[in-house]
Amino acid sequence: MKLLSLTITLLLLATTTYGKTESLVFTKEHSQTAIEIINTLSSKHYKKQPVDDNFSSLLLDSYFDALDPAKAYLLKSDVTAFEGTRYRFDDDLTEGDLTDGFAIFNVFRERISARLESNIRLLESDFNFDFSQDESINLDNDSRRWMTSQAEADEYWRKRMKDSLLRLLLSGKELGDARELLRKRYANQLQQLARQDADDTVQGFINVLAGLYDPHTSYLAPRTLENFNISMSLSLEGIGAVLQLEDEFTKIVRIVPGGPADKQGTLAAEDKIIGVAQDDGPMIDVIGWRLDEVVELIRGKKDSRVRLEIIPGTLEGGDETTIVAITRDKVKLEEQAAKSHIIELQQDDESFRAGVIAIPAFYMDFEAYRQRDPDFKSTSRDVLKLIIDLKNDDVDGIVLDLRNNGGGSLYEATALTDLFIHPGPVVQIRHADQRVSREQRARQRPFYDGPLIVLINRLSASASEIFAGAIQDYGRGLIAGTTSFGKGTVQVLAPLKQGRLKLTESKFYRVSGQSTQHRGVVPDIAFPSYFDLEEVGESSRDNALPWDSIREVRHRMYEDFSPLLSILKARHQQRIQTDPDWQFMLDEINLIEEQRARQTVTLNKALREQLKAQREEKWLSIENKRRHKRQEPVFESTDAVEAFRKQQEEDDKTPDPILQETANLLADYTASAALLDTRVVRKESVQ
């Protein structure tokens, strides 16, 4: 038994006497799993991370941050009580001793249990939450510090409950119903807490440890592995969204292309799910639920309907919620397929036809391929057919739209590049043993050699970045949009006796030698983004592997764009000054950024209602500003705006100023390139 025993006992005695949770204990199997994971990470992970005192210190701090990111349950005294463990984890883990990790978690469970029961008692009492007081609460977790006393914690939670009640009141609920809903929410969290077992504790602790290597390394316990396998299947019957737990919320990480949520069109990355209802049934509050239990509620039979109550990611911290109804279906490969259309332009009395190919994912029907089906579907085969169609339609250039494309098949990213360049390397891969492979190559003459722009955004990741990076390095086309996600690593699943370990084994590098990791692909012509680049992307993740570079490889250069870029940027700036849709987008982004910048929120109901009304007026104002410039009738209310936008979505006529401007840039590029005669193909010897 460790010296911690006395400390833990004192801590447990210091907690309130109601609702004590039973302490969890690790098993021999858990110890063996920990040893196996440490050994596997040390031998196979790309990052050579020594398991030493520094590692142990980082693990302690990271574990507390992971358990209590809002610093809402533990006091400073709880944290300092475990200071003696700071340099012990490295030695203990190599022996499979999880005593300290379990001790911390058990104290944390006691604190949560005590706090939730205290909150429930307050809500069940006749305590009056005074919504006329002038007070506020800090919403910014990063600026919070560990509380120093029980009185400070009680005051914080009084305000936090008051804020939750206010949100419910402003969403239309009566005070009594709001109190009861909040009470049920806390009671449910207590039930969730009681169901936690030693497996949950091990997975949570080991995942914090794995996260010190990089954010894509994680331990999949047997129960989690089953859900992982289901989520990787294209036959999953659900809504087609990748979810993760963040604090007490279920957050949408990515919308699966071609899935029900994608076709419905409302859900987006960063949205938070706070309620789930089956068809027209009652909405079940899921704040504080386990991720697998939320997934179980959302998942269901094909053609059944699920309703989700969400806090839009663009309005985080606001009081507005949205109900989204989605009909469950299978995520079908054919619905992820690339699609094309043509944008007709008039520039300087000249007509221009821009062919647009939207590529939502890099897909390949491996089963059909293995069965030697001559008609198997893949990204490159589908895009080839679309290019033929666009050529037959006499387009003057092509835009490849890779926005929100989270990647997929590396083989397909290479095959797609092969349609646009001569034979040559596409990507370099450096493995954990520092061996560099360059087998991913274009091998045919280009099928299309005309004007090309690749459009990316912050959610363009992995295989998308390999393709865009290759096109940029070869000078084969322009890259427009926002800096891409920056995921330049490759993960493998390593078998364990209990579960699997997903670990980063290698890293992508462009033919220029630059990594796509962390920095992403930087566009030649930058566009604004709805996403907060500080919060979304690889660079926002803790312990993300850094950007670096290796040796450049010999490759062909097609075009030097530097003489063109100043012309294109000048024409772009001139055009967007008078584009109503572009200016509306900028106004919308400004309002979203104002919302994000708030670190505190008032708990005065009248002021909160006033702020909400002001936000709605601002949204109405910028919409009417756009309509005025278009010489269209203005709206009288935000309800009218919402109805109009819903109809636009249903009719698939929502303006896309980013895509429209990219088509204009393609026309500028074609005209300017012809004028400057810069399209010179040459070989460059790279030493």
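Guide: Welcome! Buried means under 20% relative accessible area, exposed means over 50%, and partly exposed covers what lies in between. Please keep in mind that this is a predicted model.

Visitor: Thanks! Is arginine 435 buried, partly exposed or exposed?

Guide: The relative accessible area of arginine 435 is 46%. Buried needs a value under 20% and exposed one over 50%, so arginine 435 is partly exposed.

Visitor: Which residue forms a salt bridge with arginine 435?

Guide: In this pair, the closest N and O atoms are 3.6 Å apart. The cut-off for a salt bridge is 4 Å, so the pair qualifies.

Visitor: How many salt bridges does the structure hold?

Guide: One of them joins aspartate 280 and arginine 305, with 2.5 Å between the closest N and O atoms. For the structure, the number of salt bridges is 42.

Visitor: How many residues apart are aspartate 280 and arginine 305?

Guide: Aspartate 280 is in the loop between β6 and β7, while arginine 305 belongs to strand β8. Aspartate 280 is exposed at 63%, and arginine 305 is partly exposed at 27%. The pair links distant parts of the chain, and the separation is 25 residues.

Visitor: Of nonpolar, polar and charged, how many residues of each class are in the contact of α18 with α19?

Guide: On the α18 side, the residues include Phe584, Leu591 and Glu588. The α19 side includes Trp619, Ile622 and Arg626. By class, the contact has six nonpolar, two polar and ten charged residues.

Visitor: Which helix holds the salt-bridge partner of glutamate 623 in the pair with arginine 645?

Guide: The side chains of glutamate 623 and arginine 645 meet at 3.2 Å, N to O. Glutamate 623 lies in α19, so the pair ties together parts that are 22 residues apart in sequence. Arginine 645 lies in helix α20.

Visitor: Is glutamate 623 buried or exposed?

Guide: Arginine 645 counts as partly exposed at 21%. Salt bridges that share partners join both residues into one network, with Asp581 and Arg626 among the other members. At 1% relative accessibility, glutamate 623 counts as buried.

Notes. Residues are numbered from 1 along each chain as its sequence is written. This is a predicted model: local features need pLDDT of at least 70, side-chain atom pairs count only at pLDDT 80 or more; totals for chains, interfaces and linings use all residues. Side-chain values use heavy atoms; hydrogens and water are left out. Contact means heavy atoms within 4.5 Å. Helices (H or I, at least four residues) and strands (E, at least two) are DSSP runs, numbered from the N terminus. Ala, Val, Leu, Ile, Met, Phe, Trp, Tyr, Cys and Pro count as nonpolar, Asp, Glu, Lys and Arg as charged, and the others, Gly among them, as polar. Buried means under 20% relative accessible area, exposed over 50%, partly exposed in between (1.4 Å probe, protein chains only).
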